[in-house]
Amino acid sequence: MALVSRDIEAAARLLRAGECVAIPTETVYGLAANANMPEAVARVYEIKERPRFNPLILHIAAIDRMETHAANIPDVIREMAAAFWPGPISFLLNRKDSVDPLITAGSNQVVLRMPDQPLTLELLSMLDFPLVAPSANRYMSVSPSKPEHVQEQIGERIPLILDGGACRVGLESTIVGFDGERLVVYRKGGLAMEELAGFGPEVVLAGNKGGPVTPGSASRHYAPRIPLLLGNLPELMEQHAGRKIAVLSFRHSHHPEREKVLSAEGKLTTAAAGLFSALYELQHSGAELILSERFPDEGLGRAINDRLERASEQAEHFGG
Ligand code: TXA
Ligand code: MG
């Protein structure tokens, strides 16, 4: 069972050391980790048992930290942040290179949020890194709005639940982006859509016919630059002998150059932590195609395979 306490010093110590801690926000409880430590971020995915990598919201301590993580921030979003932060609204923005693609599940956009909860705001301002924090429930379960919900869902997997009592809003944050003309609501949530109307641009809901796609489904379209083929590595390498290949593997080295071995010790959290950066690097390695093996079908191996399968399905469109 996790300790339930209001000790933010203890929470800060654990987070600095790469542990995951449940934190209260005004919307729902989040499962927080140090966004600058890929292993800690990978552990969030592991604890939640999501079968795939869903992008995670980056929680920041102050409005001026938007610039640290996002580029080309539209004026209308700045105005909305000034009006509503801290509060139950999150913004989809272009990410800076410093944001690990593991956090955004490979996307070049990042969602930022400044939560309105005194303990968590104090915690964030003590830390010199932002926190990733999806809702602190297991995959497919209801989002937790009280410490005891978190305890029931994931209490055995984390050391500490920071106790902020019951969440004031109880619904996840509203996620909003700006497509250059319209404000796009990607997720309806704790801040009512009516509140956005005063900001000038038209407001549309993502996922409607003819409208923008929702973030979850958008992640399917992050096409790799070069084809990725998934299967038995020695066989694939023989089939593609003579071509300029890059190789992605779990534990063992198969190829002298343009290769990423994700975890020589065979740890799936380490493999997951390095997966997206490795894919980026291999895509820019000068290779014509990436060959990858399948990972063990357990724990984070499932999410890794999901990502690789989707990349290889897209490769069929290259005719490769
Ligand atoms: O109220 C909230 O936002 C809570 C509290 C803990 O802050 N957090 C939360 O996180 O609801 P989560 O992971 O359960 O939902 C985040 C959703 C993702 O499922 C995805 O749809 C969207 O936000 N999202 C996050 N980053 C994204 C990105 N880079 N691109 C597209 N969508 C993104
Ligand atoms: Mg959630």
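Contact means heavy atoms within 4.5 Å, and this criterion is used for all packing described here.

## Basis of the model

This is a predicted model, in which local features need pLDDT of at least 70, side-chain atom pairs count only at pLDDT 80 or more, and totals for chains, interfaces and linings use all residues. Side-chain values use heavy atoms, with hydrogens and water left out, residues are numbered from 1 along each chain as its sequence is written, and chains are lettered from A and ligands numbered from 1 in the order in which they are written.

## Helix α6

Helix α6 covers residues 147-154; helices (H or I, at least four residues) and strands (E, at least two) are DSSP runs, numbered from the N terminus. Its buried residues (under 20% relative accessible area, 1.4 Å probe, protein chains only) are P147, V150, Q151, Q153 and I154.

## The parallel sheet

An open sheet is built from 4 strands in the order β13-β16-β14-β15, with parallel pairing. Two strands pair if DSSP finds at least two bridges between them. The edges are taken by β13 (228-230) and β15 (259-261); each has a single partner strand, so one side of each lacks a neighbour in the sheet. On average, neighbouring strands are turned by 15 degrees against each other, direction ignored. Axes are lines fitted to C-alpha atoms, for helices over the stretch in contact, and angles run from 0 to 180 degrees between N-to-C directions.

Strand β13 is joined to β16 (residues 289-292) by 3 bridges, and the two run parallel. In one of these strands, β16, L291 is the bridge partner of L229. Helix α9 (residues 268-283) packs on the sheet and touches β13, β14 (245-249), β15 and β16. The direction of α9 makes about 170 degrees with that of β14.

## Backbone features in loops

A cis peptide bond links W85 to P86, with omega of about -10 degrees. P86 lies in the loop between α4 (75-84) and β6 (89-95).

A105 sits in the loop between β6 and β7 (109-113) and is buried, with a relative accessible area of 2%. M140 is placed in the loop between β8 (131-132) and α6. At 71% relative accessibility, M140 counts as exposed, the cut-off for which is over 50%, with partly exposed in between.
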